[in-house]
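Colleague: I have this model open and would like to go through it with you. Can we start with the charged side chains?

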Amino acid sequence: MESGAEMRENMKRTTRMCMAIAMALSLLTGCGGSPATEQNVKTEGKNAQSNQQEDSKTADNQETEDAAKTAGNGEVVELNYYTWIGSADKNSYPNNMIEAFEEKYPNIKVNVEYGSQNVDEYLQMQKVKLLSGKNLDITTLRAESRQPYTDAGYLLDLSGQEFLNAYKQEFLDVVATNGSVYCMPYGMDVMGVIYNKQMFEEHNWEIPDSYEAYLELCDTITAEGIMPAAQGYKDSWPMAMDLDLFMNRAVTADPDIYQKIDSGEAKYTDEMFQEIFRDMNDYFKTSAVDSSFIGMTYDQACSAFATGQAAMMIHGEWALGGMQNAGLDFEIGVFPVPLNREGEAQRGIAAVTTTQAVTSFSEHPEEALLFLEFMSTPEAGKMFVESSGNFSAVSDVQADAMDAWQDLLKLPSADFYTDMMYAGACSEMYKATQMMFIGEMTPEEALEDIQKAQEQK
């Protein structure tokens, strides 16, 4: 018995075949004409023949142009797309967007492969695919990968592509490397503390306006027998969310700190990071962090919040979108991540963090560029925000579900510190802080490992 996927694929093949037959028949009808037309051609002589030849030539040129856009000669071109982006069930986005694209370009088929939600695993598999130099046409990049992949020559230069006009110049400036655009802006992320409004109202809990007030709130919530916040440390990358409370201090103190680390002018073992990691280690021992986090995945953390086991989550809009699609019986609110210490002004965290790129070794670059062009349309952008819960970088695309984040976007915002770090050092930081959390590594030892990873750049 065919699976649902096989049935859908066979239906697509049948549809394409029917379309091809219909097109062929229409061409035969157009070329053959009616008996009266044939008689007219015979009687009107050379001028009519010349006109017919010109018409035929124009039709041939149009057919060639159309064929170039849809893989040519009726043959199906297959594009391989590697990404981690998708709706929670992976059954809506990006499938709905891909289906719309394939309907517009019936001779192009997009094969999507979902990578791991674990950052290390995703990046490792992506590197394997890029190093192989085959079977990969389009891929979703994390921000920290843009520069290394560009320098390695893995990505096609998109500069000058008309579809880039769909994005603000400031977004293009953010993703540009070496003076050119190799990655198309795609997803905008904003960080915040997602909270259960109903629970807060029932307990008369106040929104904290500083790091100290946040810790006091966590103590109060714990005293009520409720988990203050849920976090999936087991997947490693969610560690970055809590670490934002500390690592952004480095950028505040020196906006160029990560560039200085890349050049060797500064190191992760310097005193500033020593102090940051000691504070981070102290944070792990507060009521804001539950011992269960190390065994909890990102999905499990979302479930804990969605089912009322936890009052808050420090995450981005991506988490909110998934939970809303699943359906909640309480209203969600968002307040700024308490980066500021008491007496300091509040700051936000927002940036273009996700991009799409065409590989430099793609065997079908024209078709791959058509895919990026389609992703840049309001139609595709709307699908993205409605299905995944993320902000789209496409201009004038907005989802009502994202209204809760608007006040955070008005704050003076810093970029995501993880996007400024060398990918290898960032990956090592997740591992090292996991070891810190379980008491197997000191802050000093963690920083030494991160610096060693940095020096391998």
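**Charge pairs and other local features**

Modeller: In this predicted model, Asp-407 and Lys-410 form a salt bridge through their side chains, with 3.6 Å from N to O.

Colleague: Is Lys-410 buried or exposed?

Modeller: Lys-410 is exposed, at 65% relative accessibility. Asp-407 is exposed as well, at 55%.

Colleague: What does Glu-271 pair with?

Modeller: Glu-271 forms a salt bridge with Arg-278, and their closest N and O atoms are 2.8 Å apart. Arg-278 also has a salt bridge with Glu-444, where the closest N and O atoms are 3.7 Å apart.

Colleague: Where do Glu-444 and Arg-278 lie?

Modeller: Glu-444 is in helix 19 (residues 443–454) and Arg-278 is in helix 11 (residues 271–283), so this pair ties together parts that are 166 residues apart in sequence. Arg-278 is partly exposed, with a relative accessible area of 33%. Glu-444 is also partly exposed, at 29%.

Colleague: Why would such side chains pair at all?

Modeller: Side chains of opposite charge can pair when their charged atoms come close.

Colleague: Now the surface. Which residues form the negative patch?

Modeller: Asp-209, Glu-216, Asp-219 and Glu-342 form it. Of these, Asp-219 is found in helix 8, which covers residues 211–223. With 47% relative accessibility, Asp-219 counts as partly exposed.

Colleague: Change of topic. What share of the residues is buried?

Modeller: Buried residues make up 50% of the 457 residues in the protein chain. The chain exposes about 21,700 Å², and carbon and sulfur atoms supply 48% of that area.

Colleague: How many helices and strands are there?

Modeller: The protein chain has 19 helices and ten strands. Among its contacts with a separation of 6 or more, 76% are between residues 24 or more positions apart.

Colleague: On to the backbone. Which residues does the cis peptide bond join?

Modeller: Tyr-93 and Pro-94, with omega at about 5°. Pro-94 lies in the loop between strand 1 (77–83) and helix 3 (95–104).

Colleague: What about phi at Asn-135?

Modeller: Asn-135 is not a glycine, yet its phi is positive, at about 60°.

Colleague: Where do Asn-135 and Asn-178 lie?

Modeller: Asn-135 lies in the loop between helix 4 (119–132) and strand 3 (138–142). Asn-178 lies in the loop between helix 6 (169–175) and strand 4 (184–196). Asn-135 is exposed, with a relative accessible area of 57%, and Asn-178 is exposed at 53%.

Definitions and conventions. Residues numbered from 1 in each chain as written. Predicted model: local features only at pLDDT ≥ 70, side-chain atom pairs only at ≥ 80, totals over all residues. Heavy atoms only, no water. Helix = DSSP H or I, 4+ residues; strand = E, 2+ residues; numbered from the N terminus. Buried < 20%, exposed > 50% of the residue type's maximum accessible area, 1.4 Å probe, protein only. Contact = heavy atoms within 4.5 Å. Areas by Shrake-Rupley, 256 points an atom, 1.4 Å probe, with all protein chains shown as cover. Patch = residues over 30% accessible without salt bridge, like charges linked within 9 Å, V, L, I, M, F, W, Y side chains within 5 Å. Salt bridge = Lys/Arg side-chain N within 4 Å of Asp/Glu carboxyl O. Lys, Arg positive; Asp, Glu negative; His and termini not counted. Charge placed at Lys NZ, Arg CZ, Asp CG, Glu CD.
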